Amino acid sequence: MDGSFGDRAAAYVDRVERCLDRALPPADLAPTRLHEAMRYAVLNGGKRVRPMLVYAAGECVGASPGQLDPAATAIELIHAFSLVHDDLPAMDDDDLRRGLPTVHRRFDEATAILAADALQPLAFGVIAGASELSAPQKVALAGLIAEACGSLGMTGGQAIDVGATGSLLGAAELEAMHAMKTGALIHASVMSACCVADALSDEETNGMDAFGRHIGLAFQIRDDLLDVEGATDVIGKRAGADAALGKPTWPALFGVEQSRARCAELLDAARASLGIFGDRAESLLWLARLIVERSA
Ligand code: GRG
């Protein structure tokens, strides 16, 4: 592994952008409005943190970028789907995402729902059609991602969020909601590398599993903090939206200082989880720091 992950991160982002572009139907293919909306939802910005986690976890467990492209692409397609639905009037009713009008604002609500609907099967199609993966690897990846976005993962977390809006959750409930809504897909991002790596020891798999859980939760607490401390033009979405909607968030329950302290604690726990990997964990640790220190 040469240089710091910072030098390689941009190359990984370019790599997944090219994969996403190839996976998405062309905008001039009928039904054109649907395909334009799908491309708009996926290709207009985004930090690509989840794909970077896939590639960094791959460096850690010895999986090649070519073996990781299907997981990085599929997970980012699912993430884009979740953002489109999250922004809809029935959910957070947001106008701005990644500094641009949300998909239902730029197109219309029905098109936004359908574009998101079509991103999900596209994601699983990418896994099914991956020529670089064996059949057992495809099954393992599809199962991992399905579990992360189902009713015990992202969708379930969102259901708890919607149901709890306007009320305060207890600490354990809030942590469980964050872990499901946001943490599950982040966790699946790092675990996807384990699905395509050569046999790992239980200790290595458990270390990656714990890392994914710690960093997934930290990601959402940092997101909650950015809603309080960030500026709309920097975070690319309306600052203060969570408080305006009465969302259950970490700062709303514990305040800003305790939220920062919890992020730092989770970063330490994430670092300790990867001890078994030694220097091979350098890229994941670089990303873990980025996740808890990011300003957007
Ligand atoms: C996708 C199966 C499926 C269901 C959708 C709507 C929904 C159910 C879930 C919402 C989940 C959600 C939006 C959680 C918030 C996650 C989060 C903090 C998103 C922001 O991620 P970033 O900062 O965004 O990585 P960018 O724009 O950089 O990609």
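In these legends, a helix is a DSSP run of H or I with at least four residues, a strand is a DSSP run of E with at least two, and both are numbered from the N terminus. The model is predicted, so local features need pLDDT of at least 70 and side-chain atom pairs need pLDDT 80 or more, while totals for chains, interfaces and linings use all residues. Residues are numbered from 1 along each chain as its sequence is written, and side-chain values use heavy atoms, with hydrogens and water left out.

**View 1**

The side chain of K47 has an N or O atom 2.5 Å from an oxygen atom of the ligand. For H79, a side-chain N or O atom lies 2.7 Å from a ligand oxygen. R98 places a polar side-chain atom 2.8 Å from an oxygen atom of the ligand. How much of the ligand's accessible area does the protein cover? On its own, the ligand has 750 Å² of accessible area, and the protein covers 94% of that. A polar contact is a pair of N or O atoms within 3.5 Å; inside protein, one must be able to donate a hydrogen and the other to accept it, and sequence neighbours count only if both atoms are side-chain atoms. Accessible areas use the Shrake-Rupley method with a 1.4 Å probe; for residues, only the protein chains shown count as cover.

**View 1. A cis peptide bond at P31.**
Find A30 and P31. The peptide bond that joins A30 and P31 is cis, with omega at about 0 degrees. Where does P31 lie? P31 is in the loop between α1 (5–23) and α2 (32–43).

**View 2. Two positive phi angles.**
Start with R48. R48 is not a glycine, yet its phi is positive, at about 65 degrees. R48 lies in the loop between α2 and α3 (49–61). Is R48 buried or exposed? R48 counts as buried because its relative accessibility is 2%. Buried means under 20% relative accessible area, exposed means over 50%, and partly exposed is in between (1.4 Å probe, protein chains only).

Now turn to R98. Its phi is near 55 degrees, again a positive value in a residue other than glycine. The loop that holds R98 runs between β1 (96–97) and β2 (100–101). R98 has 21% relative accessibility, so R98 counts as partly exposed.

**View 3. S189 in helix α9.**
S189 sits in helix α9. Its relative accessibility is 0%, so S189 counts as buried. What does the side chain of S189 reach? The S189 side chain reaches the backbone oxygen of L185, at 2.8 Å.

**View 4. R262 and E265.**
R262 lies in helix α14, residues 256–273. The side chains of R262 and E265 are joined by a polar contact of 2.5 Å. R262 counts as buried because its relative accessibility is 19%.

**View 5. Residue pairs in sequence and in space.**
A218 is in helix α10. With 0% relative accessibility, A218 counts as buried. Between A218 and F81 there are 137 residues of sequence separation and 22 Å of space, C-alpha to C-alpha.

L68 belongs to helix α4. L68 counts as buried, at 1% relative accessibility. L68 and S4 are 64 residues apart along the chain, and their C-alpha atoms are separated by 20 Å.

T232 is in helix α11, residues 232–235. Is T232 buried or partly exposed? T232 counts as partly exposed because its relative accessibility is 31%. The C-alpha atoms of T232 and A148 are separated by 29 Å, and the two residues are 84 apart along the chain.
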